[in-house]
Structures are given as structure tokens and as C-alpha cells.
Amino acid sequence: LHAHPGLFPRLILCFAGRCRLRGVRHPRTAMVLQTALTEMLGIQHPIIQGGMQYVGYAEMASAVSNAGGLGILTALTQPTPEDLRKEIRRCRGMTDKPFGV
């Protein structure tokens with residue numbers, strides 16, 4: 001996630017190298033916003049996925065984490081504690097990045 005500073009005051013955000021505005025060249029190096037939060041959590045971007053019941057499964061959490069944010073598994077989506085354990089294991093298999101529950 002980065003901004004194109006040359007387009008100020010029109011802020012164009014890009015995520016994973018995909019810019020939403022045609023004709024904008026993607027810079028070769030993305031700006032990285034390091035904060036106390038990113039350093040504490042070990043993530044690249046200060047983006048935390050909200051817990052979303054019924055969709056907060058391993059696929060979504062691992063995708064957010066793999067993109068540099070903090071993915072979140074939603075515990076209430078799982079019917080039993082054992083199912084939650086299985087979902088955490090699945091998420092660990094899909095990413096080596098930090099994620100939360």
C-alpha cells in the first residue's frame with residue numbers, strides 16, 4: 001500500500017502493485033509506512049482486518065496477512081473450539097505471516 005506523492009492533492013492508493021488510475025506509472029519501490037504498530041506486530045502495512053463473522057475464515061485472514069497487513073480469523077464463525085483449532089492450523093498452512101484470532 002502506498003501513495004503517489006506526485007498526484008497530490010489527489011491521493012491515489014495502490015495495493016499489491018495494482019494502481020486504480022490508468023496512466024499512472026507504478027513506482028519501482030513502494031513507500032513503506034513504519035509505525036510502532038507495524039514493528040510490534042511484525043507486519044508491513046498498518047492495516048488490520050476487522051473480525052467479520054461468517055467470512056473471517058483462513059482464506060481471508062491469510063490473504064490479508066500475505067499482502068502485508070494483519071489478517072484476523074473470526075472465532076465465533078467456528079461452531080466448536082476444535083473447529084477453531086483446525087481453522088488456525090489451516091491459516092498457518094496458508095501463511096507464514098502474523099495473523100490474529
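Mentor: Begin with the surface. The accessible surface of the chain is about 7100 Å², and 58% of that belongs to carbon and sulfur atoms. Accessible areas come from the Shrake-Rupley method with a 1.4 Å probe, and for residues only the protein chains shown count as cover. This is a predicted model, in which local features need pLDDT of at least 70, side-chain atom pairs count only at pLDDT 80 or more, and totals for chains, interfaces and linings use all residues. Residues are numbered from 1 along each chain as its sequence is written, and side-chain values use heavy atoms, with hydrogens and water left out.

Trainee: How many helices and strands does the chain have?

Mentor: Helices (H or I, at least four residues) and strands (E, at least two) are DSSP runs, numbered from the N terminus. Here there are three helices and five strands, in the order β-β-β-α-α-β-α-β along the sequence.

Trainee: What share of the residues is buried?

Mentor: Buried means under 20% relative accessible area, exposed over 50%, and partly exposed in between (1.4 Å probe, protein chains only). Of the 101 residues in the chain, 29% are buried.

Trainee: Which residues of H2 are buried?

Mentor: A general point about helices comes before the case. An α-helix has 3.6 residues a turn, so residues three or four places apart point the same way. In H2 the buried residues are Ala 58, Ala 61, Ser 62 and Ser 65. They lie on the same side of H2 because they cover an arc of only 95 degrees around the axis, the arc being that of the directions from the helix axis to the C-beta atoms.

Trainee: What do the buried residues of H2 pack against?

Mentor: Contact means heavy atoms within 4.5 Å. The buried residues of H2 pack against S4, H3 and strand S5 (99-100). Take Ala 61, which counts as buried because its relative accessibility is 0%. Leaving aside neighbours within four places in sequence, Ala 61 is in contact with Gln 49, Gly 71, Ile 72, Leu 73 and Cys 91.

Trainee: Where is Gln 78, and is Gln 78 buried or exposed?

Mentor: Gln 78 sits in the loop between strand S4 (71-72) and helix H3 (81-94). Its relative accessibility is 12%, so Gln 78 counts as buried. Beyond its neighbours within four places in sequence, Gln 78 is in contact with Tyr 57, Asp 83, Leu 84 and Glu 87.
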